[in-house]
Amino acid sequence: MSTGGDTETKRDRRLWGAATVAGVIAGYLAVLLGDPRHYYTDDTEAQYAPMWVALGNRLRNGEFPWLIPHEWMAGNYTIEEAGLYNPPQLLVHFLAPSFDNLALYATLAKLVFSIIAALGVYRICLAYGARAYWAAVAGIAFPLSGWFLFFDQASWMTCLTATAWMVHAWASAVRYVRGESGPISLFVFLYLALTVQYAFPAVESGLLMATIAAGEYIHQRQWRPVLNLMLVSALAASAALIANLPGLLSSQYTWRGNARIHNDPFLTVPWSESLNASLPSTTPAFTAWWGHVQPLPMVYIAWFLIPALAFVDWRAAAKSARELSSVALFATAVLMWTAGPGAIGPLRWPARVLPMVALALLVLVCVLLSRHGTFALTRNRIFAAACLIGLLFIRSFSAAPVIVVRHLVAVVVVAGLGAAAVWLARNRGPALACAFIAVVMFPIAYTQVAIAPHTPMSYNFPEKRSEMTAAFPDFEGVTLQLADRAILGPQDRDVSAAYGSLAIGNYAKALGLDYVNAYTPIGHAPFAGQLCMAWDGSTCPDAFRRAFSAEPETGARLVDLMKVDRVVLHRAQYPDAGHHPAPTGWKWVDYPGHERYIWVLEREAGLLSTVNGLVAHTTDATATSRASDEAAAQLRVSSRDGGRVVFARLYWPGYRMTLNGEEIPVSAVAKTFVAVDVPAGTQNGLLELTWRPPGWKAGIVGAVVGVAGTGLLHWAYLRNRRRDAQAPPIEPVPEVREPAVAPI
């Protein structure tokens, strides 16, 4: 029995599109029943949600948050995962301060992007000729696939948002290259995927466009549509330069500057594991945070995916091989990527590509089932389905034999559900069977989440900003915290415990406090070396000595060059610090109710961060601040024999210095602090310091070229459509019949 049928109406497609949205919402509710904090864990709670609040407050104050200097190595948001040139992401920032409950806001934001992603998968399937109900199955299944559910949606928000736009770019690319739509939607979706400021989806997008181009040439055997596709892709990349050039031009100062390719087993997925896609109990075997056997179904895609291969008419499907070759090429490429190398420059942990494997296989299988599915019960098909399920069991059992009973239960469930789906397809039609296939995904997702262990990366931050603020000291000025998150035990991770005194990751941003410490996956390598500061703001035990040691070139202490007003010490890391005399110019200050977790040092003379602007140190020169903000400063300088001024600014590429209107070189102290050499004989000169993201002019030119070029391509597309519409119809060529030949 084939799943083919009459041509669908637009109403049918809208209804199944709405069903896709409803399915994603139902899937979210099932997951939240299993774990109410599933979408508020790890990087979402420690990095993204507080960052949204901080950047949203600045946007509401009319400030574009290029640079927030007091955050030091985490404050350059042109290279962080902030999406400053991505309008939907700016909206996420702008709305964030209106929500007290960050867990609720993060869940709602992720729901929106998951719906966008699901509709994108729906559009891809339609573009390849799938029926709407099979497209809906693929769209609903994708957000519930293993890695995407447990990592991209639960934690790594930039992966979720970029993937949501990339899948729409895929659908628009296929439609454009086949002449069914213009280039604008492809340009827009690619631009949005490329401006999330995350390397993985950018490279995945490039790989996707390349495989579509290759596949469509195989399908159409014409160069012009393929060249148009590559041109639009290049224009989108050009427009996205404004978001990506700063990171590339600043990389030599970051942790991401290493372009080395190497292999290691961590999160490198053997092909046999990544193909074990349909047994909900799967716990794959590869090296990750939990050791060799992972307790989460990371490689799971959908319960029906592998057994359904037995119900494809492969002889008929062979006729569609050229048309679907781009999907097969992309699936092959990302499947190879998951197996290594372990790191390609900044692209580490190849398991992160597992959502792309899920995406490609869902599209491929659902399109094949839609166009060439047959549910006639034959011995061969039943035997093939049984063998496929048996292989799933063998692979899962081999990875984790300890939970063999769970695997056997999963086998019975998949076999029973598959039999029910086949019966419905044969007796009630494929549409009802697809609805059934989608609905049973929800209890599977609930069970997977409910029995999964909590991720060891979870911070367990409080959900409400009001509770966080009420428990935390009201620290004025700029605070440097010397603490180690690894020392905190489970009993400490509560607002009534350590989280009432210590700011881990981006915690301080949710409180509206100015902390040096913050969460950054990028980092400023020289500064991090000064204080041995990690990505989550944690520091090593030697950081206290380093902070109050003299910097060799200037003789000034680091805390003075940074102009911090307060140093908070983690008592577990420095148990006796408060019993020793305070450093010169500092005093120990008691904060009642916080003695269990912190010692606090403050300057005897009061706040230093508000004194003389950005000037931190002078040598044989005088400098008086006139005005300063986060991107510029003006001061009067004098030096008889030549001197130096050091600023409480982290040295990032992009600074420019002028003295009385003439540009002079910008230098750096210890590769960390911005400095300038004042020429001899300078008397009350006007020194102006400005910062712009490196490559910003080229980025603007690229954006103009991208938009203008796409506009021209769209004009050409419309002109060709009008010309084709006005052309007279082509007369059919009469069929010439050959004379009948008598059989031999």
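This is a predicted model: local features need pLDDT of at least 70, side-chain atom pairs count only at pLDDT 80 or more; totals for chains, interfaces and linings use all residues.

What is the partner of D560 in a salt bridge? The partner is R603, and the closest N and O atoms of the two are 2.9 Å apart. R603 lies in strand β10, residues 598–603, whereas D560 belongs to helix α24, residues 558–561; the bridge therefore ties together parts that are 43 residues apart in sequence. R603 is buried as well, because its relative accessible area is 11%.

This pair is part of a wider set. How many salt bridges does a search of the whole structure find? The search returns 23.

A second example joins E216 to R178, again with 2.9 Å between the closest N and O atoms.

For contrast, please turn to R640 and D641. They form a salt bridge whose closest N and O atoms are 3.3 Å apart. R640 is exposed, because its relative accessible area is 70%. D641, at 59%, is therefore exposed also.

I move now to the surface patches. R224, R719, R722 and R723 gather there in a patch of positive charge. Which helix supplies the largest share of this patch? Helix α25, residues 696–726, does so, with three residues. R722 is found in that helix; at 45% relative accessible area, R722 is classed as partly exposed.

There is also a nonpolar surface patch, of about 260 Å², made by L91, F94 and L95. Of these, L91 is found in helix α3, residues 87–95.

Finally, consider the histidine. H524 is placed in the loop between β7 (514–515) and α22 (525–531). Why does H524 count as buried? Its relative accessibility is 0%, and buried means under 20%. Which residues does H524 contact, once neighbours within four places in sequence are left aside? They are M73, Y253, L650, Y651, W652, K671 and T672.

Thank you for your attention.

Technical notes: Residues are numbered from 1 along each chain as its sequence is written. Side-chain values use heavy atoms; hydrogens and water are left out. Patches are made of residues with over 30% relative accessible area and no salt bridge: like charges are joined within 9 Å, nonpolar side chains (Val, Leu, Ile, Met, Phe, Trp, Tyr) within 5 Å. Accessible areas come from the Shrake-Rupley method with a 1.4 Å probe; for residues, only the protein chains shown count as cover. A salt bridge is a side-chain nitrogen of Lys or Arg within 4 Å of a carboxyl oxygen of Asp or Glu. Helices (H or I, at least four residues) and strands (E, at least two) are DSSP runs, numbered from the N terminus. Lys and Arg count as positive and Asp and Glu as negative; His and the chain ends are not counted. The place of a charge is taken as NZ of Lys, CZ of Arg, CG of Asp or CD of Glu. Buried means under 20% relative accessible area, exposed over 50%, partly exposed in between (1.4 Å probe, protein chains only). Contact means heavy atoms within 4.5 Å.
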